[in-house]
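Q: I have the sequence and the coordinates open on my screen, and I would like to walk through some of the contacts with you. Can we go through them one topic at a time?

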Amino acid sequence: MNLNQITVPSVDIPKAIAFYKTLGLELIVEALPHYARFVCPNGKATFSVHLVEELPKGDGIYVYFECDDLDDRVNDLKAKGILFDELPNDKSWLWREARLKDPDGNQLILYFAGENRINPPWRI
């Protein structure tokens, strides 16, 4: 089994498309006004947004995008006008993360974990 796709809710698909294209995802399906699907620039994973009338309440889901060049990518995105809630910093779980929200408030984490992604020192 392999994770293929994550889908997040959106109340404005065209706005979400522009945002995720700015992040660097490649648009592969544009079924306006209800749906859009992207492919990640590295690997084969896909990511999509689907139209909802109302966004879910609460914390929702957290979507992690792995970046080998995290600090450079964040600087590039900031120059393009993307706002971050948290700039890159080292976490106690040995990942380096930056946090932001998409236009619909979905929590996104850009991160770099290296070997600790799958093999942290506390792995079972």
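Q: Is Glu66 buried, partly exposed or exposed?
A: In this predicted model, Glu66 counts as partly exposed, because its relative accessibility is 35%.

Q: Which residue does Glu66 form a salt bridge with?
A: Glu66 forms a salt bridge with Arg117, and the closest N and O atoms of the two are 2.9 Å apart. The pair links distant parts of the chain, since Glu66 is in strand β5 (residues 62–66) while Arg117 is in the segment after β8, 51 residues apart. Arg117 is partly exposed, with a relative accessible area of 40%.

Q: And how many salt bridges does the count come to?
A: The count comes to nine salt bridges. One of them is between Arg96 and Asp71, with the closest N and O atoms 2.9 Å apart. Arg96 lies in strand β7 and Asp71 in helix α2 (residues 70–79), so this pair ties together parts that are 25 residues apart in sequence. Arg96 counts as partly exposed at 23% relative accessibility, and Asp71 is partly exposed too, with a relative accessible area of 31%.

Q: What about Lys101, which side chain does it meet in a salt bridge?
A: The side chain of Lys101 meets that of Asp85, at 3.1 Å from N to O. Here again the pair links distant parts of the chain, with Lys101 in strand β7 and Asp85 in the loop between α2 and β6 (86–90), 16 residues apart. Lys101 is partly exposed, with a relative accessible area of 40%, whereas Asp85 counts as exposed at 52% relative accessibility.

Q: Staying in β7, is Arg99 buried or exposed?
A: Arg99, which is found in strand β7 (residues 96–101), counts as buried because its relative accessibility is 16%, and the cut-off for buried is under 20%. The side chain of Arg99 makes a polar contact of 2.9 Å with the side chain of Glu97. Not counting residues up to four places away in sequence, Arg99 touches several others, among them Tyr62, Tyr64, Phe84, Asp85 and Trp93.

Q: New topic: where is Ser10, and is it buried or exposed?
A: Ser10 has its place in strand β1 (residues 5–10), and Ser10 is buried, with a relative accessible area of 0%. A polar contact of 2.7 Å joins the side chains of Ser10 and Asp104, and a polar atom of the Ser10 side chain also lies 3.1 Å from the backbone nitrogen of Asp12. Leaving out residues up to four places away in sequence, the residues that Ser10 touches include Ala16, Val49, His50 and Leu55.

Q: And which end of α1 does Asp12 cap?
A: Asp12 caps the N-terminal end of α1, with a side-chain oxygen 3.1 Å from the backbone nitrogen of Lys15. After α1 comes Gly24, whose phi is positive, near 115°.

Q: Which residues of α1 are buried?
A: In helix α1 (residues 13–23), the buried residues are Ile13, Ala16, Ile17, Phe19, Tyr20 and Leu23. As background, an α-helix has 3.6 residues a turn, so residues three or four places apart point the same way.

Q: What does Leu32 contact, then?
A: Leaving aside neighbours within four places in sequence, Leu32 is in contact with Ile13, Pro14 and Ile17. Leu32 is found in the loop between β2 (26–31) and β3 (35–39), and counts as partly exposed at 45% relative accessibility.

Q: Last one, how many disulfides does the count come to?
A: The count comes to zero disulfides. Cys40 is in no disulfide, and the nearest cysteine sulfur, that of Cys67, is 9.6 Å away, whereas the cut-off for a disulfide is within 2.5 Å. Cys40 is buried, with a relative accessible area of 15%, and Cys67 counts as buried at 4% relative accessibility.

Definitions and conventions:
Residues are numbered from 1 along each chain as its sequence is written. This is a predicted model: local features need pLDDT of at least 70, side-chain atom pairs count only at pLDDT 80 or more; totals for chains, interfaces and linings use all residues. Side-chain values use heavy atoms; hydrogens and water are left out. Helices (H or I, at least four residues) and strands (E, at least two) are DSSP runs, numbered from the N terminus. Buried means under 20% relative accessible area, exposed over 50%, partly exposed in between (1.4 Å probe, protein chains only). A polar contact is a pair of N or O atoms within 3.5 Å; within protein, one must be able to donate a hydrogen and the other to accept it, and residues adjacent in sequence count only if both atoms are side-chain atoms. Contact means heavy atoms within 4.5 Å. A salt bridge is a side-chain nitrogen of Lys or Arg within 4 Å of a carboxyl oxygen of Asp or Glu.
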